[in-house]
Amino acid sequence: MAFSLFSSKNRNSIASRCQDDSATKLRLRYAPYYHAMQSQQGTSVRLDGRDLIMLASNDYLGLSFHPKVIEASRAALLKWGTSPTGARVSNGSRAYHVELEEKLAAFLGKEACHIHAAGYLSCLSGVAAFAQKGDAILADKNIHSCLWDGIRLSTASVERFSHNSPDDLRTVVSSLPANTPKMMVVEGVYSMEGHIAHLPGLLAIANEYECFNVLDDAHGFGVLGRQGRGTADHFGLTDKVDIICGSMSKALASTGGFVAGDRSLIEYMRTHGKHTIFSASLSPSQAAAASAALDVLQSEPEHLERLWKNQKRYIAMLQSLGLDTWGSETPAVPVVIGDKMRAYSFWQSLMEKGVFTVISVAPAVPIGKDLIRTAISAGHTDEQLDRIGEAFAYAKKRS
Ligand SMILES: Cc1ncc(COP(=O)(O)O)c(C=O)c1O
């Protein structure tokens with residue numbers, strides 16, 4: 001028994017489970033994922049020798065090729081090297097981390113902020129660091145996988161409520177004991193559906209039942225609110241949100257994530273959040289890219305204006321073709337096809353016409369909602385939007 005960990009029986013059963021996995025076999029056979037592009041210039045990518053329009057990136061403001069963002073990132077690389085090679089708590093803290101955190105906190109209207117090397121880590125920590133065994137978490141049933149992981153790791157109990165439904169939140173929260181510490185977890189903009197959270201209604205109930213609340217604004221940051229301050233700002237409710245977390249890999253054209261809130265909360269997370277304590281800090285080039293993008297989105301409002309102009313034109317085009325956009329109100333736009341094989345063929349038709357999108361099928365989406373995931377960017381030109389329209393018309397006709 002001493003060597004049970006290394007017994008061939010265990011090793012083989014895990015290895016053969018992996019080798020026989022039907023989902024992996026299906027993925028490899030139809031190859032809809034993990035496409036490695038050979039080159040990129042803004043919203044144009046080259047894949048298998050063909051130029052395609054990227055219509056599935058979360059580079060909402062189109063800043064990943066902005067000269068100021070690239071230059072800042074390059075300068076930081078030369079000044080600080082490639083990596084801080086350590087965790088913030090020990091050897092990995094640098095002045096540029098603190099500067100970016102202060103800038104983000106001020107922009108978001110919060111006292112303090114902590115940045116991590118991935119948005120996934122930030123949002124996971126934004127839940128797991130604060131909730132604990134004995135607490136009850138109320139989660140919108142459509143939240144992102146990183147938030148579910150945070151919930152699981154917190155070891156609190158979890159109750160789901162219907163997507164974006166303050167009424168169902170009330171039903172669920174009112175059934176819990178009054179003295180149980182509670183947390184509500186929602187997103188600002190749901191990336192799969194493009195829905196904006198019904199934040200006023202949700203926060204009113206959270207407040208009434210004394211729920212601590214966590215808002216993952218990965219897709220609202222840079223997109224909604226004044227200058228892109230996000231969903232809480234969009235509703236004028238920043239001071240009612242306890243924790244705003246998010247990603248810097250979307251509108252901020254970098255990688256990494258942030259958790260913002262009262263200073264006491266951020267310091268608590270720095271003491272107790274395992275994912276905050278035991279993971280290496282953000283690289284200098286990525287921190288500098290995010291910091292420069294944050295400056296650009298405040299000094300050059302044309303990117304946000306262009307994003308919304310493109311979003312309106314794009315949604316109108318899809319609707320004129322009779323396509324179902326699941327009520328998306330944002331630049332994250334699903335096109336619901338309904339069945340797996342039709343979605344696959346729709347995705348292939350778009351690819352044939354030079355438009356890169358991502359297919360999403362059950363169980364990632366509810367049964368009957370198999371869809372094509374798309375996201376519009378400020379970087380899409382009028383000419384690209386014309387070509388996108390032609391590609392959708394072609395795919396619709398063939399589906
Ligand atoms: C809602 C939401 N939260 C968090 C993340 C994680 O961010 P990142 O990909 O930057 O790690 C994502 C990424 O897709 C997301 O959609």
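Which residues are the closest to the ligand? In this predicted model, local features need pLDDT of at least 70 and side-chain atom pairs count only at pLDDT 80 or more, while totals for chains, interfaces and linings use all residues. Residue numbers run from 1 along each chain as its sequence is written.

The ligand is surrounded by 14 residues, and the closest are Gly119, Tyr120, Ala218, Ser247 and Ser249 (a residue is near if its C-beta atom, placed from the backbone, lies within 6 Å of the molecule). Helix H5 (residues 119–128) supplies the largest share of this shell, three residues; helices here are DSSP runs of H or I with at least four residues, strands are E runs with at least two, and both are numbered from the N terminus.

Turning to helix packing, H4 (residues 95–108) and H12 (residues 284–299) meet at an angle of about 30°, their axes 10 Å apart. That makes H4 roughly parallel to H12, a label for angles under 35 degrees. Axes are lines fitted to C-alpha atoms over the stretch in contact, with angles from 0 to 180 degrees between N-to-C directions.

S1 pairs with S2 (residues 44–47) in the antiparallel sense, over three bridges.

Note on methods: Angles under 35 degrees count as roughly parallel, over 145 as roughly antiparallel, 65 to 115 as roughly perpendicular and the rest as oblique. Two strands pair if DSSP finds at least two bridges between them.
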